[in-house]
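Here's a friendly walk through the pockets of a model and the ligand that goes with it. Have a look at the structure first, then read on.

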Amino acid sequence: MMAGPLRVLGIETSCDETAASVVLRDASGRGEILSNVVLSQVEEHAAFGGVVPEIAARAHVEALDGILAAALSDAGVKLDEVDAVAATAGPGLVGGLIVGLMTAKAVAAAAGKPLVAINHLEGHALTGRLTDGLTFPYLLLLVSGGHTQIVRVRGVGDYERWATTIDDALGEAFDKTAKLIGLPYPGGPNLEAAARHGDPARFAFPRPLKGDPRPDFSFSGLKTAVRQAATAIAPLSGQDVADIAASFQAAVAESLEDRVWRAMQRFREAHPDVAEPAIVVAGGVAANATIRAMLDRLAAKTGFHLVAPPLKLCTDNAAMIAWAAIERISAGLENDDAMTLAPRSRWPLDAHSTAIYGGGRRGAKA
Ligand code: KG4
Ligand code: ZN
């Protein structure tokens with residue numbers, strides 16, 4: 001299984017980041033990021049208050065060639081020195097996926113290299129092994145604009161989704177709540193900034209599903225509660241906005257804490273032999289300091305090891321795609337049909353997870 005060094009060029013275009021990266025796995029199995037180029041489209045979408053799929057696809061087309069060239073030159077690697085080309089094939093916005101996967105097919109064919117098609121969620125799920133050399137099994141908490149999930153990661157290709165959102169993704173809830181109280185896109189970081197001088201106890205917003213035996217998440221009720229509170233005191237002063245933002249964050253953190261705690265108990269029961277289990281966080285919302293602090297406290301309390309990769313590797317990037325391909329190749333799990341594979345806008349990580357609540361994957365990356 002473990003052979004000589006392996007270099008993979010990865011491409012990520014599933015949402016609003018155009019990204020390419022070269023990752024090396026050395027002979028001992030350790031990963032090293034040789035380059036990691038990410039171009040965010042935030043400015044292209046800001047005027048519209050959210051990601052516009054058509055604009056995203058066009059921006060990927062315009063940027064990808066240059067980003068690929070930059071990733072190779074930053075890494076000091078020529079195309080014929082890479083061992084494989086990897087691209088995100090789903091889930092995500094189909095226009096962007098087509099651009100990334102078609103480009104990867106063309107590059108792989110021209111250079112005579114194998115192509116590995118990667119599930120974006122698998123990229124997030126395996127990042128903790130690239131950054132921290134984690135061993136299986138462990139828990140993943142993914143909180144992004146399109147996904148809110150807790151996954152038990154048992155091995156390469158062996159994922160079990162333990163929790164997902166019944167309605168909005170957490171990042172989506174941040175973005176919508178921010179919009180509701182007049183904060184600009186992207187909502188998450190702006191809401192966090194506003195909350196810094198707000199009173200988290202002024203509004204008693206609900207703590208969705210806290211204490212509920214179901215393992216999942218829900219945020220749409222919280223959003224409605226915010227709307228009602230904001231309407232009742234409109235027009236909002238700057239202090240009102242700050243207080244609502246802080247109270248919203250407090251509610252989110254408490255709900256999340258209860259949900260993650262539940263998954264930790266389940267993990268302990270399933271793996272009594274793992275002495276200090278790890279939980280990895282991924283997704284843009286992992287940048288939130290209130291949520292990070294809550295997770296730190298919770299991990300200390302439960303004896304879990306909290307792994308929070310650097311933000312650049314928590315949010316969407318291509319290093320995680322290249323690394324997932326390296327893991328698949330090392331495990332002998334690469335797909336033979338990658339050259340004919342079509343992108344999949346929906347692609348659950350856990351093939352056995354059904355859409356229990358009729359969806360719960362409605363974000364941009366559904
Ligand atoms: O992982 P990401 O960059 O892209 C995907 O959605 O895949 O996550 C973006 C999401 C957005 O909803 C954004 O508002 C949220 O992460 N976000 C934050 C913060 N920074 C980004 N939410 C709360 N607090 C933050 N500091
Ligand atoms: Zn993502």
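## The second largest pocket

Sixteen is the count here: 16 residues line the second largest pocket, and those nearest its centre are Asn-119, Arg-328, Trp-347, Pro-348 and Leu-349. A pocket is an open set of points on a 1 Å grid over the protein atoms alone, where a 1.4 Å probe fits and protein lies on both sides within 12 Å along at least five of seven lines; lining residues have an atom within 4 Å of a point. This is a predicted model, in which local features need pLDDT of at least 70, side-chain atom pairs count only at pLDDT 80 or more, and totals for linings use all residues. Residues are numbered from 1 along each chain as its sequence is written, and ligands are numbered from 1 in the order in which they are written.

The space in this second largest pocket comes to about 290 Å³, a volume being the space filled by probe spheres set on the grid points, which are joined across faces, edges and corners. Strand E5 (residues 115-119) gives the largest share of its lining, three residues; strands (E, at least two residues) and helices (H or I, at least four) are DSSP runs, numbered from the N terminus.

## The largest pocket

The largest pocket holds about 1,100 Å³ of space. Its lining has 42 residues, and Asp-16, Gly-145, Asp-175, Tyr-185 and Pro-186 are the ones nearest the centre. Two or more lining residues come from each of strand E3 (31-40), helix H5 (170-180), helix H6 (187-195) and helix H10 (311-314). H5 gives the largest share, with seven residues.

Now for the polar contacts, pairs of N or O atoms within 3.5 Å. A backbone N or O atom of Gly-145 is 2.7 Å from an oxygen atom of ligand 1, and one of Gly-188 is 3.1 Å from an oxygen atom of the ligand. Asp-316 uses a side-chain N or O atom, 3.0 Å from a ligand 1 oxygen.

Conventions: Heavy atoms only, no water. Polar contact = N/O pair within 3.5 Å; in protein donor to acceptor, adjacent residues only side chain to side chain.
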